[in-house]
Amino acid sequence: MLTKIYENPAVYRVDVPLPDNPLKNLNCYVVQDSGETLIIDTGFNRKECLDALLEGLAELDADWEKTNLFLTHLHADHTGLAPTLMKDKPGKMYMSRVDYAVLEGLMVGEVWKVSDANFIAEGFTQEQINILHSGNPARGFEPECFFDVEELEDGDVITVGKWKFQCILVPGHTPGQMILYQREEQLLFTADHILFDITPNITCWVGTADSLGNYLDSLVKTRDIPIRTALPAHRKNDMNVYERMDEIVEHHLKRLKETVDAIQQFPGSHATKIAACLRWSMRGKTWEEFPLSQRWFAVGETIAHLDYLVCRGYAERKVVDGKNAYWLTMDGALCKSKLDCIWKNSARNKGKTSEYRHWFIRKQIWLESLQYKGFQLLYFYGGYFHPDVLYAEKQIFCKTEGEKFFRHPSVLYAKMEKEIFFGERKHIYGYFETVTDRTGHQGFSGGKHRETAG
Ligand SMILES: [Zn+2]
């Protein structure tokens, strides 16, 4: 079924069913302008999906000489039909470099073996893994073969006729998911990064230390983008995208706290035992009655939450008798209050603009990660906040390792308009002008002022 959902640029939605899958459908979007066509995602490699996709595309009468395919991320419900659809066609297939490398590892490499070993270390049995190999939707309906793509980096631009779409890398749901943004229209194809009536699955990935941390950071990044229309890859969108992002953050915060409670209750447990203590929407079923494939997803999500705690030093992971085991490194209540401190609007930033709040959250996470890496705050050059103008501060972190002394070039700048810079930059070009607020407090001077950090 084909529906026109946006006028300028012309965007159509092909409703691709995903039979026997809790996601229910894939929204395949098709953008057209000046005879050019861009298809976004495909559905599983199965007949029901192919039929729906071809039927929808036939109605559009697209010129296959000028039709390209953009794959938001590596999951089979997005990439499954890519090589089938583009076979013998001259069009390009686009995908983020990061996800393409992971897809290669899954399709032609040894990544599944590593992943299976990881799940066994977290409490799955070999028999359960064998059953999963035959019935896991992530492993069925894959593309018929590995395929070539044009690899994309964060910030790359794809054009369709006169329209430009910016590729924004949002790691989390997969290590290299990409969303597409049309700036003038403030139109965002959110892929599986933001879904509305289901929560995107955040799981552990081979080679990724902290999927959940990456995901929450990506949400903060997305929060800074002006969005008028958000088009998700599954089901529908009937709420404000910013409120939805806040809801998703809340959801993970709640689950992190439940994870802390479960570790406190059963210290030394593996992820499967911890997962069984968490609340899942199982429609009245107990953990044991929950289908094995759903338990596999739940354990993956639990590992991502455990990784988040381990990466920040709130929990530790040890190997005991060949299985992973988790302990808290601090009292559970303290751990939960630290999580709150990062994610809730503390008294300090109440009443400030949302840009500031989100910058603040991002800053907290980043500072925590620096401290976790052993850096200590040496100097703090006072921050400056003016609700209409900007906020900036400079902090110098240092650490010693043996005889060596390291200084971390940490300069944190937020210009409240839109540009938010973060992290390590060798040369910082000032964006600031002297500002004096109502109380006479003098802000940064600068204009074209140039700084070298580090
Ligand atoms: Zn997905």
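Here are some questions and answers about the chain.

User: What kind of model is this, and from which number does residue numbering start along each chain?

Analyst: It's a predicted model, where local features need pLDDT of at least 70, side-chain atom pairs count only at pLDDT 80 or more, and totals for chains, interfaces and linings use all residues. Along each chain, as its sequence is written, residues are numbered from 1.

User: How many helices and strands does the chain have?

Analyst: Helices (H or I, at least four residues) and strands (E, at least two) are DSSP runs, numbered from the N terminus. Going by those runs, the chain comes to twelve helices and 21 strands.

User: How many of the residues in strand β3 are buried?

Analyst: A residue is buried if 20 or more other C-beta atoms, placed from the backbone, lie within 10 Å of its own. Over the chain's 454 residues, 37% are buried. Strand β3 covers residues 25-33 and is mostly covered, with the buried count at eight of its nine residues.

User: Which residue in β4 is the bridge partner of Val31?

Analyst: Two strands pair if DSSP finds at least two bridges between them. On one hand, β3 pairs with β2 (residues 10-17) in the antiparallel sense over eight bridges, and there Val14 stands opposite Cys28. β3 also runs antiparallel to β4 (residues 36-40), joined by five bridges. In that pairing, the partner of Val31 is Leu38.

User: Which residue in the turn of the β3 and β4 hairpin has a positive phi?

Analyst: The hairpin leaves two residues between its strands. The positive phi, about 45°, belongs to Ser34.

User: Which residue in β9 stands opposite Val160?

Analyst: β8 and β9 (residues 163-169) pair in the antiparallel sense over four bridges. Opposite Val160 you'll find Trp163.

User: How is helix α7 oriented relative to α10: roughly parallel or roughly perpendicular?

Analyst: α7 (residues 211-223) and α10 (residues 292-311) pack at about 85°, with axes 7 Å apart; the axes are lines fitted to C-alpha atoms over the stretch in contact, and angles run from 0 to 180 degrees between N-to-C directions. Because 65 to 115 degrees counts as roughly perpendicular, α7 is, relative to α10, roughly perpendicular.

Notes:
A residue is buried if 20 or more other C-beta atoms lie within 10 Å of its own, exposed if 12 or fewer, and partly exposed in between; C-beta atoms are placed from the backbone. Angles under 35 degrees count as roughly parallel, over 145 as roughly antiparallel, 65 to 115 as roughly perpendicular and the rest as oblique.
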